[in-house]
Amino acid sequence: MLPLPLHLIIFFLLVILHHVSPQDLYPLNPLTSSELTQVQATINNYFKTNISYHYVGLDDPDKSSILSWLSDPGTLPPRLASATIRVDRKSHDLVVDLSTNTVVSDQVYTGNGYPTQNFAEQAYANWLPMSYPPFISSIEKRGLKLDKVICQAGTAGWFGEHENGRTVKAVCFYSEGTINFFMRPIEGITITIDLDEMKIIGYQDREIIPVPKAEGTDFRIPSDAISGGRRRVSQEQRFKLDGHMVRWEDWKFHVSFDMRVGVIISLASIYDPEKNEFRRVLYRGFMSELFVPYMDLNEEWYYRTYFDAGEYGLGLCAASLAPSRDCPNDAVFMDGYVTSGNGTPIQMPNALCIFERYSSDILSRHSDPKVVETNPKVTLVVRMVATVGNYDYIIDWEFEKTGVIKVTVGLTGLLAVKGTTYVHKDEIQEEAYGTILSENTIGSNHDHFFMFHLDIDVDGEANSFVKTRLETVENINGSVPRRSYWRTVSETLKKEADARIKLGVQALELMFINPNKRTKVGNNIGYKLLPGHVISPLLSNDDYPQMRAAFTEYNVWVTLYNRSEKWAGGSYVDRNHGDDGLAIWSFRNRDIENTDIVLWYMVGVHHVPRQEDFPLMPTLSESFQIRPNNFFERNPNLMQRNLKQVNI
């Protein structure tokens, strides 16, 4: 075949570029399906052997290069991909240059821990027990049908072993008579699987416990019983989606998707009508890790201490959102892409949705004899749902007109339950580790710790973290009959060690400020954290799961910005020893005053199951906010707008 003439090549390039939106070239966009295929081909060509893929995502450009590009959009930062793979039982961290189709960095990981599990190895491990004679015998001994048994291989944790291979432990269930097999666990059996060898290396059948009955476990709701709360009349879309950039009211921000952490919000800026400019609030935000330890110390349960982002991948577990069910029917949906075990791209349809929420709440209100002024509250929501095994996590990023960003996590789905001989609470004479929910069924006590990475930039990167105490003062001068009042005492924290904070001990205000800018009346401009429900770990510090989840020891951490410090539990979470991650980074005790800093905030719940959680758990929500604090000169909702003069 003859090569094309130069003028035709130039013509085709011009045609292609003419149809490419500038937002398609945005440097923070997630890798496309074609780019993931490109990464796969490059890595396969580099190794020329069997490869197991565990993570592929955008290798984030350095923050300085992104900000430089934003101020002068010219040459794009290099388009790089980050990949974690395993070859010959070794983990490799790779960087692929998409412009040259070359591996530009190959680091063999030699520390503790293993990468996120992929779909292929999970599926294969789940089927191994079905052909394992001792397991078949155990099923027959219980009078169960093998073709109705479902097994799921889950991470096994680390409990002080010097040599701990890449092993998982399978938990099995009985599906006969119900779609909800999670409510019919098969107890007493421990199956240990080596993922590298892909074979069963340990088996124990300790005792026979009755399998809970199928009756009453179906969680499906008849379609005619479902309320139409989300089936509203379609509204005219008042937000604009250009590629991955969202524009709504005074907000603009970037939405992305990652196979490890799921939804990522970047470059959130809000328009200030008085300054007639967009002002930066959040450079990057996402759920960094999710720790779920169960409190049952039986042989088949003690190891169930899961790190859902690092071990399973929130993006890998993204659910396909259904219009009129998961999101309003006028929502805009976005697909996500992940990779399979062999590196092939997998489309995750409707992984995210974006919609306006009309909640009938009041944004602001006042009335007097002459006037009544009420402003309805309308917000913009970016949503994803991650279904990690039995649990469904609803993650909402909600933007308000007043400059507030609210993050909500909803817990729903199915409890992890344990089979038992008990049919009534009065029979229980020993530690049950949970609540009896139905005959032969105990819901196990457990925790959910959600750690968020929030790279807040208040009007720029140079920020400080201010802790303000609300202190009681006794009135001793006797000039008025009041005996006390409270005042604020503020302190700008200087080191990372100063910024490890346990909430609930004293009344505090926590704020990111720009120490180099003030309002007209002299206040430092800032954004403050409005915490939600305060939770602290109840495990002892020397317990192995808590050593691995040391990031939960404090509700609030502040660290110096470092592009590589993204994942609170460390890069390699599965079976690690707690020697990487947020707690380790913080103990470097770097300076955090008037520099680029990152807020880490933990929200969560101690979950004591109740009968109303059975067989399907109603959503339990926890949230927090970051709110403008002297960021504007006055209520931004009352300011006059002149958006036409601003480049949006």
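Mentor: On the face of helix α5 that is turned away from its buried side, the exposed residues are Pro133, Glu140 and Lys141. The model is a predicted one, and what follows is read from its coordinates. The helix runs over residues 133-141, and its buried residues are Phe135, Ser138 and Ile139. These three lie on the same side of α5, because the arc they cover around the axis is only 100 degrees. Several strands contribute to the cover over this buried side, including β5 (149-155), β6 (167-174), β7 (189-194) and β8 (199-205). After the helix comes Gly143, which has a positive phi, near 75 degrees.

In α3, which spans residues 63-71, the buried residues are Lys63, Ile66, Leu67 and Trp69. They also share one side of their helix, since they cover an arc of only 160 degrees around the axis. Among the elements that cover them are β12 (262-272), β13 (277-293) and β23 (446-456).

Leu80 belongs to strand β2, residues 80-87. Its relative accessibility is 18%, and because the limit for a buried residue is under 20%, Leu80 counts as buried. Apart from neighbours within four places in sequence, Leu80 has contacts with Leu31, Leu58, Asp59, Val95, Val96 and Asp97. Between Leu80 and Val332 there are 252 residues of sequence separation, and their C-alpha atoms are 28 Å apart.

These parts belong to a chain with eight helices and 30 strands. Of its 648 residues, 53% count as buried. Among contacts with a separation of 6 or more, 68% join residues 24 or more positions apart. The radius of gyration is 27 Å, which agrees with the value near 26 Å that a compact globule of 648 residues would have. The C-alpha trace spans about 95 × 80 × 55 Å along its principal axes. The accessible surface of the chain is about 29,400 Å², and carbon and sulfur atoms make up 50% of it. As to charge, the chain has 64 positive and 80 negative charges, whose mean positions are 5 Å apart.

Conventions. Residues numbered from 1 in each chain as written. Predicted model: local features only at pLDDT ≥ 70, side-chain atom pairs only at ≥ 80, totals over all residues. Heavy atoms only, no water. Buried < 20%, exposed > 50% of the residue type's maximum accessible area, 1.4 Å probe, protein only. Helix = DSSP H or I, 4+ residues; strand = E, 2+ residues; numbered from the N terminus. Arc of directions from axis to C-beta. Contact = heavy atoms within 4.5 Å. Rg over C-alpha atoms; globule rule 2.2 N^0.38 Å. Areas by Shrake-Rupley, 256 points an atom, 1.4 Å probe, with all protein chains shown as cover. Lys, Arg positive; Asp, Glu negative; His and termini not counted. Charge placed at Lys NZ, Arg CZ, Asp CG, Glu CD.
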